[in-house]
Amino acid sequence: MNTMDGSAAIATDVVKVYGRGDTAVRALDRVTLEFPRGRFTAIMGPSGSGKSTLMHCLAGLDTVDTGRILIGQTELTGLSDARLTRLRRDRVGFVFQSFNLLPTMTAEDNILLGLRLAGRRPDPAWFDTVIDTLGLRQRLRHKPGELSGGQQQRVACARALIGRPDVVFADEPTGSLDSRSGAEVLDFLRTSVRELGQTVVMVTHDPVAASYTDHGVLLADGRIAAQIPRPSADAVLGALTGLGA
C-alpha cells in the first residue's frame, strides 16, 4: 500500500450516462470527490442515486463519459484494458455482498488467490497481521461451506487486504449477514483503517453501517446531496429521509 500523504482516490467532474436520447439516464452528474488515505468513507443514497455507479467508476470496473478518476497518482481515464486489469489486481481490493469465494478452495487459498495469479508472494508479517486481526487463524484450512456467513465475509476482507491495496471498495458488505455478523465485519473494516492504515470506501444503504465510518457522502440523482463528517445512524437516517430514501 502506498503510504504517502494525499488521496487514495479522486473523482473530478465525473459524468456517466446510460442510454441515449429520450431514454438516457444521467447516473453521475458532475461529481467531484476526494477520498483521503487512511479514511473509512460511506457512499449512500436512495435507489438509483448513482452510488454503485460511482464506486464502479472509482474502482475501474466502469468507464466515465467525461471527467477524471485517479487511484493514487494514476489516472484511469484512457488506460488500456490490460493496464486497468493490472491496476485492479495490484492496487485495489474488493469486498462484495456475495463473498465471491471459490467453494473448492480453503480459506487460506481463497485469501492468497489474487497474489498467486499475479505471481506475487505474501509478506509473512502482513499475512499474520491480517489473519490475526480478523480472527481467522483457526479457520484457514476450512472451505467456505464449512464457515458461517460472517466468517466467509471476513475471508473476503482478508483477500481484499492481503495485497496492501491503495483502496478497498466494499459494496454492501453486510447485506447478506445477520446484524451480529455484520457488526463484526464493520468493526474489522474500521480497525483496518484505524490500526492498519487502510483506505476503505463502502457503498451502503444502512445508516447503522454508515455510523462505523469516518465520513458519509449522500448522492441523489447522480449528484452529491450532502456530506456528513463522523456520521451517526440518526444523522444518516435523517438525511436519507430528507432525500426520500
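Me: What do the buried residues of helix 3 pack against?
Reply: They pack against helix 4 and helix 5. Contact here means heavy atoms within 4.5 Å, and helices (H or I, at least four residues) and strands (E, at least two) are DSSP runs, numbered from the N terminus.

Me: Before we go on, what kind of model is it?
Reply: This is a predicted model, where local features need pLDDT of at least 70, side-chain atom pairs count only at pLDDT 80 or more, and totals for chains, interfaces and linings use all residues. Residues are numbered from 1 along each chain as its sequence is written, and side-chain values use heavy atoms, with hydrogens and water left out.

Me: OK, which residues of helix 3 are buried?
Reply: Ala 107, Glu 108, Asn 110, Ile 111, Leu 112 and Leu 115. Buried means under 20% relative accessible area, exposed is over 50%, and partly exposed is in between (1.4 Å probe, protein chains only).

Me: And how do helix 3 and helix 5 cross?
Reply: Their axes come within 7 Å and cross at roughly 30 degrees. That makes helix 3 roughly parallel to helix 5. Axes are lines fitted to C-alpha atoms, for helices over the stretch in contact, and angles run from 0 to 180 degrees between N-to-C directions. Under 35 degrees counts as roughly parallel, over 145 as roughly antiparallel, 65 to 115 as roughly perpendicular and the rest as oblique.

Me: Who meets whom between helix 3 and helix 5?
Reply: Ala 107, Asn 110 and Ile 111 in helix 3 meet Val 155, Ala 158 and Arg 159 in helix 5. By class, that contact of helix 3 with helix 5 has 4 nonpolar, 1 polar and 1 charged. The classes put Ala, Val, Leu, Ile, Met, Phe, Trp, Tyr, Cys and Pro in nonpolar, Asp, Glu, Lys and Arg in charged, and the others, Gly among them, in polar.

Me: What about helix 4 against helix 5?
Reply: The axes of helix 4 (residues 124-134) and helix 5 come within 10 Å, crossing at roughly 155 degrees, so helix 4 and helix 5 are roughly antiparallel to each other. Trp 126, Val 130 and Leu 134 in helix 4 meet Arg 154, Cys 157, Ala 158 and Leu 161 in helix 5. The residues of this contact of helix 4 with helix 5 divide into 6 nonpolar, no polar and 1 charged.

Me: And helix 6, how does helix 5 pack with that?
Reply: Helix 5 and helix 6 (residues 179-194) pack at an angle of about 20 degrees, with axes 9 Å apart. They are therefore roughly parallel to each other. From helix 5, the contact takes in Gly 150, Gln 153, Arg 154, Cys 157 and Leu 161, which meet Ser 181, Glu 184, Val 185, Phe 188, Leu 189 and Ser 192 in helix 6. That contact of helix 5 with helix 6 has 5 nonpolar, 4 polar and 2 charged residues.

Me: How many bridges join strand 6 to strand 7?
Reply: 5 bridges, and strand 6 and strand 7 (residues 167-171) run parallel. Gly 93 stands opposite Val 168 in strand 7.

Me: New topic: where does Met 105 lie, and is Met 105 buried or exposed?
Reply: Met 105 lies in the loop between strand 6 and helix 3 (107-117). At 18% relative accessibility, Met 105 counts as buried.

Me: What is Met 105 in contact with?
Reply: Leaving aside neighbours within four places in sequence, Met 105 is in contact with Asn 110, Leu 113, Lys 143 and Pro 144.

Me: Last one: which residue takes a positive phi in the hairpin of strand 4 and strand 5?
Reply: Gly 72, near 60 degrees, in a hairpin that has 2 residues between the strands. Strand 4 and strand 5 (residues 74-75) run antiparallel, joined by 2 bridges.

Definitions and conventions. Pairing = 2+ DSSP bridges.
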